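Work through the exercises below with the sequence and the model at hand. Try each task before you read its solution.

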Amino acid sequence: MIKVGVLGATGMVGQRFIQMLADHPMFELEVLAASPRSAGKKYKDAAYWYQAEPIPEEIGEMVVVPTDPRHEAFKDVDIVFSALPADLAREIEPAFAKEGKLVFSNASAMRMEKDVPLIVPEVNEEHFKLIEIQRENRKWDGAIVTNPNCSTICLVITLKPILDKFGIEAVNVTTLQAVSGAGYDGVPSMAIIDNVIPYIKNEEEKMQTESLKILGEFDGSEVKFADFKVGASCNRICVIDGHVESIFVKTKEPAEPEDIKEVMDKFDPLKDLDLPTYAKPIVVKEEPDRPQPRLDRNEGNGMSIVVGRIRKDPIFTVKYTALEHNTIRGAAGASVLNAELFVKKYL
Ligand SMILES: NC(=O)C1=CN([C@@H]2O[C@H](COP(=O)(O)OP(=O)(O)OC[C@H]3O[C@@H](n4cnc5c(N)ncnc54)[C@H](OP(=O)(O)O)[C@@H]3O)[C@@H](O)[C@H]2O)C=CC1
Ligand SMILES: N[C@@H](CC(=O)OP(=O)(O)O)C(=O)O
């Protein structure tokens, strides 16, 4: 068992980490860290617990510690999962790496740094090799590994099998994103009920750049970004969990909807590794009115992307609808799966 901690443990993503780590076969959850407001309190008194399932009992009794890599609580911890706000992550995550910790981060701060791997295990595990370059550049023994923005994860998982088989010339995506993506206090109920908000700060830029890094190739010294364009248009809708994306793809080689369905259905690159959080990455639905957030977001314990409505498009080659549980597959689950794969194959 590897001892792990969670930074930002009281927040919305931190709580998902706790749910996924409380009874994990590879990781032992030793440390919960949060702001000075929470430090010193029992977790159950510090956190406003948003999840439908109760706080695991032993977790509720744990005392929250300050987010300080030199705090004695972190002494035996090898891995920290970060659910910190991005501005804090930029300062705090490097401090943990300097203390020799492996940081698996959800935050956007370090994702586009040239020597920081931005990993989706099914898509670009070879980018883990950037860690050696990072350690050399930054003179630390730890490492920072990031996972992408939630909307980007959903997009690239569906693009990967298409790219490998048919090549891609262009992608256009429109998102319908759940309110949980903005955090508990992120979108006021008066703003979102009976409404759609056609703007999510920086989201389109992240989708358009992160996806090309992830789908790019590591050449031994850096990642060469994928050479097609992604256009994104992002909207907030009145759903609690589950981002929906309407995706249009122009392929290099001809492809029929049946071909796309087949490559997506067969896409299962890590199935033999026995990773505890892994689920079939893409589940294709045949019903004409699926995927839907309420019905499909828990597919594969929230780790599968559910795709439906794969059909021809008169301008692009194909179009389809994809759904992702944004705080599981798009956040905590993504980091945990990164760590599982890293420990199994790269540690
Ligand atoms: N990959 C993805 O797609 C997603 C990523 N995220 C990212 O995950 C991160 C967390 O998001 P979310 O859980 O919604 O945020 P929340 O606001 O719900 O939680 C923030 C957490 O950070 C802690 N914190 C705040 N200030 C400090 C401080 N000064 N020092 C130490 N800890 C502090 C809070 O502790 P306290 O309770 O004590 O204040 C809390 O635990 C963000 O970077 C967000 O962008 C989120 C959703 C999806
Ligand atoms: N912006 C995303 C969630 C998020 O926090 O993204 P990022 O990790 O890129 O900051 C949403 O609102 O749904």
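**Exercise 1: two domains**

The protein chain splits into domain 1 (2–149 + 331–345) and domain 2 (150–325). These bounds come from an automatic or database domain assignment. This is a predicted model, in which local features need pLDDT of at least 70, side-chain atom pairs count only at pLDDT 80 or more, and totals for chains, interfaces and linings use all residues. Residues are numbered from 1 along each chain as its sequence is written, while chains are lettered from A and ligands numbered from 1 in the order in which they are written.

Task: Find how far apart the C-alpha centres of domain 1 and domain 2 lie, and describe the side of domain 1 that touches domain 2.

Solution.
- Step 1. The C-alpha centres of the two domains are 24 Å apart.
- Step 2. The contact takes 33 residues from domain 1 and 32 residues from domain 2. Two residues are in contact if their C-beta atoms, placed from the backbone, lie within 7 Å.
- Step 3. On the domain 1 side, α1, α5 (121–124), α6 (130–138) and α12 each supply at least two residues. Helices (H or I, at least four residues) and strands (E, at least two) are DSSP runs, numbered from the N terminus.
- Step 4. The largest share of that side, eight residues, comes from α12.
- Step 5. The side divides into 18 nonpolar, eight polar and seven charged residues. Ala, Val, Leu, Ile, Met, Phe, Trp, Tyr, Cys and Pro count as nonpolar, Asp, Glu, Lys and Arg as charged, and the others, Gly among them, as polar.

**Exercise 2: a helix pair**

Task: Work out how helix α7 and helix α12 pack.

Solution.
- Step 1. α7 (residues 150–166) and α12 (residues 328–345) pack at an angle of about 90°, with axes 8 Å apart.
- Step 2. That makes α7 roughly perpendicular to α12. Angles of 65 to 115 degrees count as roughly perpendicular, under 35 as roughly parallel, over 145 as roughly antiparallel, and the rest as oblique. Axes are lines fitted to C-alpha atoms, for helices over the stretch in contact, and angles run from 0 to 180 degrees between N-to-C directions.
- Step 3. C150, I153 and C154 in α7 meet R329, G330, A331 and A334 in α12.
- Step 4. This contact has five nonpolar residues, one polar and one charged.

**Exercise 3: two ligands**

Task: Describe the shells around ligand 1 and ligand 2.

Solution.
- Step 1. Ligand 1 has 29 residues around it, of which G11, S35, S38, C150 and G183 come nearest. A residue is near a molecule or strand if its C-beta atom, placed from the backbone, lies within 6 Å of it.
- Step 2. α1 (12–21) gives the most to this shell, three residues.
- Step 3. Both domains give residues to the shell, so ligand 1 lies between them.
- Step 4. The shell of ligand 1 has 13 nonpolar residues, 15 polar and one charged.
- Step 5. Residues around ligand 2 include N106, C150, E203 and K206. Its shell has four nonpolar residues, six polar and two charged.

**Exercise 4: positive phi**

Task: Is D194 buried or exposed?

Solution.
- Step 1. D194 is not a glycine, yet has a positive phi of about 65°.
- Step 2. D194 sits in the loop between α8 (189–192) and α9 (203–214).
- Step 3. D194 counts as exposed because it has 6 C-beta neighbours inside 10 Å. A residue is buried if 20 or more other C-beta atoms lie within 10 Å of its own, exposed if 12 or fewer, and partly exposed in between, with C-beta atoms placed from the backbone.
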